Amino acid sequence: MTPAYLLKRLLMVAYTLLVVSLLVFGITQLLPADAAVTILGQSATPEALEALRTRLGLDQPAWWQYAQWLGGVVQGDFGTSMRNGLPVGGTLAEALGRSLVLAACSLALMLMVAIPLGVVAAVRRGRPSDLVVSALSYVGVSLPEFVTATLLLLLFADVWNLLPATGYVSLSEDFVGGVRHLILPTLTVSLIMVAHVSRMVRSELVDVLHTDYIRAARLKGLSRRRVLLRHALRNGLLPTITIVALDIGYLLGGIVVVEEIFAIPGIGRELISAVNARDLPVIQAGVMILAATYCLVNFLADLAYAYLDRRIQYA
Amino acid sequence: MTGPVLEIERYTLDYQTGRSTLRVLDDISLDISAGEVVGLVGESGSGKSSLAWAIMRHLAGNARERGGQLRLDGEDLRGLSSSRLQALRGSRLAMIFQDPSAALNPTLSIGEQVAEVLVRHQGLSLREAWARGVALLGGVELKSPEAMMRRYPHELSGGEKQRVLISTAFACRPRCLIFDEPTTALDVISAAQILALFTRLREETGVSALYISHDLALVSRVADRVAILERGRLVESAPAATIFSAPAHEYTRRLVSAVPDPARRLIDQPPASATALLEIHKLGVSYGRPGFVDRLFGRASETTQALRELTMTLSPAEVVGVVGESGSGKSSLAKALVGLTPFAGEIRFEGRVLSNAAGMNRAYRRQVQMVFQHPDASLNPRQRIGEQLARPLRLYGLAPGESEKHAVARWLEEVRLPAEFASRYPHELSGGQKQRVAIARAFAARPALVICDEITAALDVSVQATVIELLLELRKRHGTAYLFITHDLNLVRQIAHRIAVMYRGDLVEMIDAATLDARGASHPYTRALLEAVPRPLRGHPAPSSLQGTP
């Protein structure tokens, strides 16, 4: 991998984000909402509205507003919230932190469960354990988050009364409490991805186990363990990296839903309440942050892929 | 050790498919003595690979062993526990595969794949095994073995990869080696070098080997003894020196006569006229174009020149062979001629000048037809044979007073297929039959030139012989010219008037096939190529050595 390639790839990321920013700004311009009315309320006088518009720069042409906003974003200034007048950056950074904890836990749990499941299913292809894994995967794939979330809440919080239903406790303040609050949301987010990724691992590994080089490895007299772990698994997991990176988009979408259900003040919940309140700077910043996360993860996945498979030469 | 190293005694194997069973090996008995190399020759479906898998104890799930014995140094292979088997594989019994690119793990370094055998079977530490690995790679004549150990399979050529696999197979001094078509995926010159290497290693180590191949000419050069397998039955086993000169069994005789022999020319009719049908002037083909970002940074494009300034002519009814290894530009030539790829330079056909694919009009496209290597890929699997033949007929006009159905039947008959094949689908036909359909489809347009791109490469030698016979017959009847692209020098020397030798995008020499033996080749590459091709071993017994050393 050459430095020129890295630069090229980073430029692509920047370009993608620029397009996203245009779209986001364009869409918020089209929203049937007047920020001044939102802030001052329906009963405000026309003079007061006019004065506020001038102060917020809403009377300027759209391209000027866009340039102003983008200039701020590049410097890390996302503007101020229309609801409470606080800087958007700070509020969202805090919310993003909570969301990332949830996302990281979900991702880790998903990988710890999905990869072994997929490997077991591939190695025992056609046997009962494979069928069980496949059946569970189908169930998992076909259940949307709000259904699994509701079921989990019903069982663990209501019927068995084992875990808290909603809310968020910071891990640094109360670790046990934080973990207890994280369990159900994490389960909900990872479940659907477990299903997806384990199926992917299974099918890739089944293909790899049928290749000539695996046969050659077996006929060299290597142990089953070495053939599976050293020869097959790396090749079988390679495409999974790409799939997981693409699933991050799904994960981010899932987090928005799950945060709302479990009342976690993360970036998803922040975004939903901003949409309800027509708080344009928060909406714009939130979407930009999610898009940037997605781009960054896919960029890292490309790097990981190139590191693990030497045939890939990015130039 | 007295007695044979490998004994196969009355071995019988079935494959279970649904409720029916298919006998793949029927009562096979074959011994290999110490230091002996036995060639096993058969066409596809003869069961030769199944025998290899049976010996390696790596049978498919639906294989059913019906009886017989497999013994290595007197030890019964069939009764081995899986741990004993793992200890045996790769140490006393090793195998070398057809496609070296597929047999190496793409994500592990060469060094690891060589060293792991030594760690496993000789209990060496990784460091010791690595050092031994360097020596092993040096032993198979790989340059800078230390650096080679750290490289990955995609950084090696096919010949180098096969050397790595051979070094791995020889690593633990095996008693017996099984080769499954080890040179089929390599170009002629690398193949000859691999065979020379094997000859040297067997002299040094005294290993026994079972050498499986479809190529009788090659096996007669490598092996001491040749066993012929026909549909699971061993029909003949004879010294390599006499298999060509005195084949005993009727099937062997058929096989021997189907092997292309450059000394036996199948074409005698000289080209009909002196005016050129096709003139190619400074034809060039390059692949790859600069991407958006490269252009943004003004970087030079990384294009590959697949064909450089090729100039040649073709007379009506002339057969010009094109030979060269993969990457020599022979397929690019074919693609440019039918307008499948952009080209530079000029093509003049019947006096009309073409400087790009857009200039190829309907008449040109009718006159120049192509037959591809894999009929499976070039025939539409969801269309009946009749529909596929009717298309060129509809496009380029039927003969007056002939119905479409009649014309389809006539063309099937021309390629010696029954007329009722018109209502069949490609998958119902054998490989040779499919290729006949592809040939019929090309001829249905009544072309003046047919480009054949490795059309017999995927076929068995006996099927190849009948397809070649058909092509020559069609030429005699229709006066068609051929551009016959192949890697098989023996074959093309039988049927071509002139042979274009290509090397890395250049036409290095145009040789006259009829006088090649007398006059010899002038270009060193052509001479190397001619030397590397294993010619059938006819006449008196001779030591089985190869001349094609690098």
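1. Strand β17(B) sends Leu449(B), Ile451(B) and Asp453(B) one way and Val450(B) and Cys452(B) the other way, and all are buried; buried means under 20% relative accessible area, exposed over 50%, and partly exposed in between (1.4 Å probe, protein chains only). Helices (H or I, at least four residues) and strands (E, at least two) are DSSP runs, numbered from the N terminus.

2. This is a predicted model, in which local features need pLDDT of at least 70 and side-chain atom pairs count only at pLDDT 80 or more, while totals for chains, interfaces and linings use all residues. Residues are numbered from 1 along each chain as its sequence is written, chains are lettered from A and ligands numbered from 1 in the order in which they are written, and side-chain values use heavy atoms, with hydrogens and water left out.

3. The neighbours of β17(B) are as follows. Strand β16 of chain B (residues 368–371) pairs with β17(B) in the parallel sense over 4 bridges, and strand β18 of chain B (residues 481–486) pairs with β17(B), also parallel, over 5 bridges. Two strands pair if DSSP finds at least two bridges between them. Cys452(B) is the bridge partner of Val371(B) in β17(B), and Phe484(B) is the bridge partner of Cys452(B) in β18(B).

4. On the interface: 28 residues of chain B are in contact with 25 residues of chain A, contact meaning heavy atoms within 4.5 Å. The size of an interface is often given as the accessible area lost when the parts come together. Here chain B and chain A bury about 2500 Å² between them, and 59% of that is on carbon and sulfur atoms. Buried area is the accessible area (1.4 Å probe) that two parts lose on being put together, summed over both.

5. Between chain B and chain A, 13 residue pairs are in polar contact (both at pLDDT 80 or more). A polar contact is a pair of N or O atoms within 3.5 Å; within protein, one must be able to donate a hydrogen and the other to accept it, and residues adjacent in sequence count only if both atoms are side-chain atoms. The side of chain B that touches chain A draws at least two residues from each of α1 (48–56), α3 (100–103), α4 (110–122) and α12 (292–296) of chain B. With 6 residues, α4(B) gives the most to that side. By class, the side of chain B that touches chain A has 13 nonpolar, 9 polar and 6 charged residues. In this classification Ala, Val, Leu, Ile, Met, Phe, Trp, Tyr, Cys and Pro count as nonpolar, Asp, Glu, Lys and Arg as charged, and the others, Gly among them, as polar.

6. A salt bridge is a side-chain nitrogen of Lys or Arg within 4 Å of a carboxyl oxygen of Asp or Glu. Arg230(A) and Glu112(B) form a salt bridge, with their closest N and O atoms 2.5 Å apart.

7. Within chain A, Asp130(A) forms a salt bridge with Arg202(A), the closest N and O atoms being 2.7 Å apart. This pair links distant parts of the chain, with Asp130(A) in helix α6 (residues 128–142) and Arg202(A) in helix α8 (residues 175–209), 72 residues apart. Asp130(A) counts as buried, at 2% relative accessibility.

8. Within chain B, Arg175(B) forms a salt bridge with Asp73(B), with the closest N and O atoms 2.9 Å apart. Arg175(B) lies in the loop between α7 (158–170) and β7 (176–180) and Asp73(B) in the loop between β4 (63–72) and β5 (75–76), so the pair ties together parts that are 102 residues apart in sequence. Arg175(B) is partly exposed, with a relative accessible area of 27%.

9. A salt bridge also joins the side chains of Arg254(B) and Glu250(B) (3.3 Å, N to O). Both residues lie in helix α11 of chain B (residues 250–258), 4 residues apart, about one turn of the helix. Arg254(B) is partly exposed at 46% relative accessibility, and Glu250(B) is partly exposed at 45%.

10. Chain A has 12 helices and 0 strands. Of its 315 residues, 43% count as buried. The C-alpha trace of chain A spans about 85 × 60 × 35 Å along its principal axes.
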